[in-house]
Amino acid sequence: MTGKPKIVATNPVFPETRALLEEHATVDVNPTVEPWTYEEVRRHCRDATALLAFMTDRVDAEFLAACPNLRVIGAALKGFDNIDVQAATNAGVWLTIVPDLLTVPTAELTIGLMLSLGRNIMAGDRNIKQHGFHGWRAELYGAGLAGNTVGIVGFGLVGQAIAERLAGFECRLLAYDQSMSAAMEKFWQPRVTTASFQEVIARSDYIVLALPLTAETRHIISSRTIADMKPGARLVNPARGSLVDEAAVADAIDRGHLSGYAADVFECEDWALQNRPRRIDPRLTNSSAPTVFTPHIGSGVTEIRRQIELSAARSILDALAGQVPFGAVNNPGKQFVHAQSGAR
């Protein structure tokens, strides 16, 4: 025994992250890209002082009871719906997040998803790779952004970053956010028009989700709200999978009411929801479906991921040193100190 605290990292980390943590602790790192299961993480953490957590992890009261030495969870995340904050607070465990580093890469990927979906980029790529290129044909006509209306549902940091990047595309921008201040609304005028949720989904050609996952936002896109959308609208989800009822989206595409769906996130990966689907609806993953999917790579920029890990690691070390850590979501034994906002 070294006498040092033990820190568990549930996924591979950058050498810089490991080196920083090892200056102060013994470090137990998952060496493979295959995530540890809930039971495996709990086993590794039963004598741990800190946990460097990722999207693949789930922490609840049962987990915390089995890990009595845990003092801090440093999440390499922005959204923290997979961690029971109240249970952590009750157990005297700090929870920290990385509140802003994911914003820009997520917004950039969103633009890519929109263009790929509207302009049939993936379908064109598959066509050439499967059949070769024999010259121009009158096919794969889609929709651009210029002249269309884009509705952004959720106007936190990610929603605003998406709006900034759409400014040069000559599209009309609508935004809905129930907590938008008058000052923010004034700042974005006339570039962005604020509207109710119902107005945004009814008027938009592209609907982009930039919300956190909460009890109130789960399945905010449902068969009922899809029915209120403009026929032919396209839906884009870079935020959290369970904002969307994927079966309802598949139904709407089958009926021709929606022209397509693009997503970087899926219901099956929202681990804290026991009744989540265990796979993506196969109608959406059919090769002929008007869908564009990426495997949760919104923040997947190498330097950004390095910074995210280092930020989470520094927060862990601050907490272990008895300081209030950066990005704290809670204050153990007291009230929450940070409200969740944005997409992740």
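Predicted model: local features only at pLDDT ≥ 70, side-chain atom pairs only at ≥ 80, totals over all residues.
The protein is divided into two parts, domain 1 (6-100 + 302-321) and domain 2 (102-293). Their C-alpha centres lie 31 Å apart, and 14 residues of domain 1 are in contact with twelve residues of domain 2. The UniProt record, an unreviewed entry, lists "domain: D-isomer specific 2-hydroxyacid dehydrogenase catalytic" for residues 7-330. Over residues 7-330 the chain is 36% helix and 15% strand, with the end C-alpha atoms 20 Å apart. The unreviewed UniProt entry also places "domain: D-isomer specific 2-hydroxyacid dehydrogenase NAD-binding" at residues 111-298.

Seven strands form an open sheet with parallel pairing, in the order 8-7-6-9-10-11-12. Strand 8 (192-194) and strand 12 (291-293) stand at the edges with a single partner strand each, so one side of each has no neighbour in the sheet. On average, and with direction ignored, neighbouring strands are turned by 20° against each other. Within the sheet, strand 10 and strand 11 pair in the parallel sense over five bridges, and L235 stands opposite Y261 in strand 11.

Helices pack on this sheet as well. Helix 7 (residues 157-166) touches strand 6 (149-153), strand 7 (172-176), strand 8 and strand 9, and the direction of helix 7 makes about 165° with that of strand 6. Helix 11, in turn, packs against strand 10, strand 11 and strand 12; its direction makes about 145° with that of strand 11.

The largest nonpolar core has 30 residues, and I221 and V249 have the most contacts inside it. Two or more residues each come from helix 9 (197-203), strand 9 (206-209), strand 10 (233-237), helix 11 (246-255) and strand 11 (258-263). Helix 11 gives the largest share, five residues. Residues up to four places away in sequence aside, V249 touches I221, I226, L235, V244, L258, Y261 and L284; L235 and Y261 are the pair that stand opposite each other in the sheet. A second, separate core has 28 residues, among them I111, V158, L173 and V292.

The loop between strand 9 and helix 10 (223-227) holds T217. T217 is buried because its relative accessible area, 12%, falls under the 20% cut-off. Beyond its neighbours within four places in sequence, T217 is in contact with L211, P212, S242 and L243.

Some backbone details also deserve a look. Most residues other than glycine have a negative phi, and most peptide bonds are trans. Q189 and P190, however, are joined by a cis peptide bond with omega of about -5°, and P190 lies in the loop between helix 8 (182-188) and strand 8. N120 has a positive phi near 60°; this residue is found in the loop between helix 5 (103-118) and helix 6 (121-131), where N120 is partly exposed, with a relative accessible area of 22%. L140 also has a positive phi, near 60°. L140 lies in the loop between helix 6 and strand 6 and is partly exposed, with a relative accessible area of 39%.

Definitions and conventions: Residues numbered from 1 in each chain as written. Heavy atoms only, no water. UniProt positions renumbered as here; feature names shortened; annotations may be inferred. Helix = DSSP H or I, 4+ residues; strand = E, 2+ residues; numbered from the N terminus. Core = buried A, V, L, I, M, F, W, Y, C linked by side-chain atoms within 4.5 Å. Buried < 20%, exposed > 50% of the residue type's maximum accessible area, 1.4 Å probe, protein only. Contact = heavy atoms within 4.5 Å. Pairing = 2+ DSSP bridges. Axes fitted to C-alpha atoms, helices over the stretch in contact; angles between N-to-C directions. Domains from an automatic or database assignment.
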